[in-house]
Amino acid sequence: RLHIVPPHTDGALRNYSGGNQQKTLFAKWTLELPNFIVLDEPTRGVDIGAKRSIYEAIVNVAESGAAVLLISSELEEVLGMSHRALLMSNGRTIGEVAHGDIDADQALAVVLEAGDKVSAP
């Protein structure tokens, strides 16, 4: 389901591409459906095809009843994948948005505005 295509089926995981490594680890973590899973930058450094596979797998895990905490510096990823997103700046939660309430540009403006207020003298 994750479209893992290793160069050799008998090779070590370290010899797989970055996307295949991440998809393999995700498959391992979700082999037995977890109740809760934390994903920190699950698509960092992978190509668009691997991202699509990982996103589909995340949706499948969530639809199976698991709670998913997605941590990402990519606003589009968070806003597109989440039912609810917490916006943070300087280690503090500065806002909460529901899926579809704002776009990435608006979310970035909120984060930057909050950062300016915190760092102002």
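Glu 74 is partly exposed in the predicted model, with a relative accessibility of 27% (buried means under 20% relative accessible area, exposed over 50%, and partly exposed in between, with a 1.4 Å probe and protein chains only). The side chain of Glu 74 meets that of Lys 51 in a salt bridge, at 3.1 Å from N to O (a salt bridge is a side-chain nitrogen of Lys or Arg within 4 Å of a carboxyl oxygen of Asp or Glu). Because Lys 51 belongs to helix H2 and Glu 74 to the loop between S2 and H3, the pair ties together parts that are 23 residues apart in sequence. Lys 51 is buried, at 16% relative accessible area. Helices (H or I, at least four residues) and strands (E, at least two) are DSSP runs, numbered from the N terminus.

The structure holds 3 salt bridges. Another of these joins Arg 84 to Glu 96, with the closest N and O atoms 3.4 Å apart. Arg 84 lies in strand S3 and Glu 96 in strand S4 (residues 92-98), so this pair ties together parts 12 residues apart in sequence. Arg 84 is exposed, with a relative accessible area of 56%. A salt bridge is also formed by the side chains of Arg 44 and Glu 41 (3.5 Å, N to O). Glu 41 is buried, its relative accessible area being 17%.

This is a predicted model, in which local features need pLDDT of at least 70 and side-chain atom pairs count only at pLDDT 80 or more, whereas totals for chains, interfaces and linings use all residues. Residues are numbered from 1 along each chain as its sequence is written, and side-chain values use heavy atoms, with hydrogens and water left out.

The largest pocket contains about 820 Å³ of space. Its lining comprises 26 residues, of which Leu 70, Val 78, Ser 82, Arg 84 and Ala 85 are the closest to the centre. A pocket is an open set of points on a 1 Å grid over the protein atoms alone, where a 1.4 Å probe fits, with protein on both sides within 12 Å along at least five of seven lines; lining residues have an atom within 4 Å of a point. Grid points are joined across faces, edges and corners, and the volume is the space filled by probe spheres set on the points. At least two lining residues come from each of helix H2 (48-63), strand S2 (67-71), helix H3 (75-81) and strand S3 (84-89).

The protein chain has 4 helices and 4 strands, in the order α-β-α-β-α-β-β-α from the N terminus. Of its 121 residues, 31% are buried.
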